[in-house]
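Here is a briefing on one protein chain. Look over the sequence and the model first, then read the points by topic.

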Amino acid sequence: MPKKPQKPLTPDQVLDKMAKYCAYQERCVKDVRDKLKTFDISETEKTKILDYLQDNRFVNDERFAMAFVRGKVNQSGWGVNKIRFHLMQKGIAKELIDEALGQTDEEVYRQRLIDILKTKSKTIKAETDFEKKRKLAAYAMQKGFEGSLVWEVVNGICFA
């Protein structure tokens, strides 16, 4: 059975949908703008909706950056470099990125790297210790951890 064409949404209906979209999880301004592009309403209405969402704190780049950093360090095991890159892709200001990354506990961050490397070391096949360390370092840097910290941890821990 063919789908009936949906009638266009009114600006108030779009606002309601966008408020729910923002309330479901933290969003940045870029995410909201991209979502607004999918609705068939005027640019003026889209701007009004975005302004309303910002004024009423449904969307806030600072709050988004803090939540993003927390989630990526704790759940995804990402390093600072990868997090910074993804936040820049989301259009977050450098100052907000620096502030959010500054909230990360360095000991927790370091321990997260150690745990990731210990887990990974069990699955790496290498002929020599040097090759194993090289593979572990490459893996950690691919996850966005800083090279100096990675080598410090890789060289300081026995991965037998």
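The chain holds nine helices and zero strands. Helices (H or I, at least four residues) and strands (E, at least two) are DSSP runs, numbered from the N terminus. The order from the N terminus is α-α-α-α-α-α-α-α-α. This is a predicted model: local features need pLDDT of at least 70, side-chain atom pairs count only at pLDDT 80 or more, and totals for chains, interfaces and linings use all residues. Residues are numbered from 1 along each chain as its sequence is written, and side-chain values use heavy atoms, with hydrogens and water left out.

**Overall shape**

- The radius of gyration is 21 Å, well over the 15 Å that the globule rule gives for 160 residues, so the chain is more spread out than a compact globule.
- That radius is taken over C-alpha atoms, and the globule rule is 2.2 Å times the number of residues to the power 0.38.
- Along the principal axes, the C-alpha atoms fill a box of roughly 65 × 45 × 20 Å.
- Of the 160 residues, 35% count as buried.
- Buried means under 20% relative accessible area, exposed means over 50%, and partly exposed lies in between (1.4 Å probe, protein chains only).
- Contact means heavy atoms within 4.5 Å.
- Among contacts with a separation of 6 or more, 59% join residues 24 or more positions apart.

**Helix α2 against helix α3**

- Two packed helices are described by the angle between their axes and the distance between the axes.
- Here α2 and α3 pack at about 145°, with their axes 11 Å apart.
- The axes are lines fitted to C-alpha atoms, for helices over the stretch in contact, and angles run from 0 to 180 degrees between N-to-C directions.
- The crossing of α2 and α3 is right-handed.
- A crossing is right-handed if the near helix is turned clockwise from the far one by less than a right angle, and left-handed if anticlockwise.
- From α2, the residues V29, V32, R33 and L36 take part; they meet K46, I49, L50, L53 and Q54 of α3.
- By class, this contact has six nonpolar, one polar and two charged residues.
- Ala, Val, Leu, Ile, Met, Phe, Trp, Tyr, Cys and Pro count as nonpolar; Asp, Glu, Lys and Arg count as charged; the others, Gly among them, count as polar.

**L53, a buried residue**

- L53 sits in helix α3.
- Its relative accessible area is 0%, so L53 is buried.
- Beyond its neighbours within four places in sequence, L53 is in contact with L15, M18, A19, C22, V32, F58 and V59.
- L53 and V32 are 21 residues apart in sequence, and their C-alpha atoms are 9.1 Å apart.

**Salt bridges**

- Side chains of opposite charge can pair when their charged atoms come close.
- A salt bridge here is a side-chain nitrogen of Lys or Arg within 4 Å of a carboxyl oxygen of Asp or Glu.
- The count by this rule is ten salt bridges.
- K20 pairs with D16 in a salt bridge, with the closest N and O atoms 3.3 Å apart.
- Both K20 and D16 lie in helix α1 (residues 11-24), four residues apart, or about one turn of the helix.
- K20 is exposed at 55% relative accessible area, while D16 is partly exposed at 41%.
- D31 and K90 form another salt bridge, with a closest N to O distance of 2.9 Å.
- D31 lies in helix α2 (residues 29-36) and K90 in the loop between α5 (80-89) and α6 (94-102), so the pair ties together parts 59 residues apart in sequence.
- D31 is buried at 14% relative accessible area, whereas K90 is partly exposed at 25%.
- K37 and D34 also meet in a salt bridge, at 3.9 Å from N to O.
- K37 is exposed at 60%, and D34 is partly exposed at 32%.
- A network of salt bridges links K30, D34 and K37.

- Most residues other than glycine have a negative phi, and most peptide bonds are trans.
- R57 has a positive phi of about 60°, although it is not a glycine.
- R57 is in the loop between α3 (43-55) and α4 (61-76).
- At 51% relative accessibility, R57 counts as exposed.
- S148 lies in helix α9 (residues 147-156) and is exposed at 61% relative accessibility.
- S148 and A137 are eleven residues apart in sequence and 9.9 Å apart in space, C-alpha to C-alpha.
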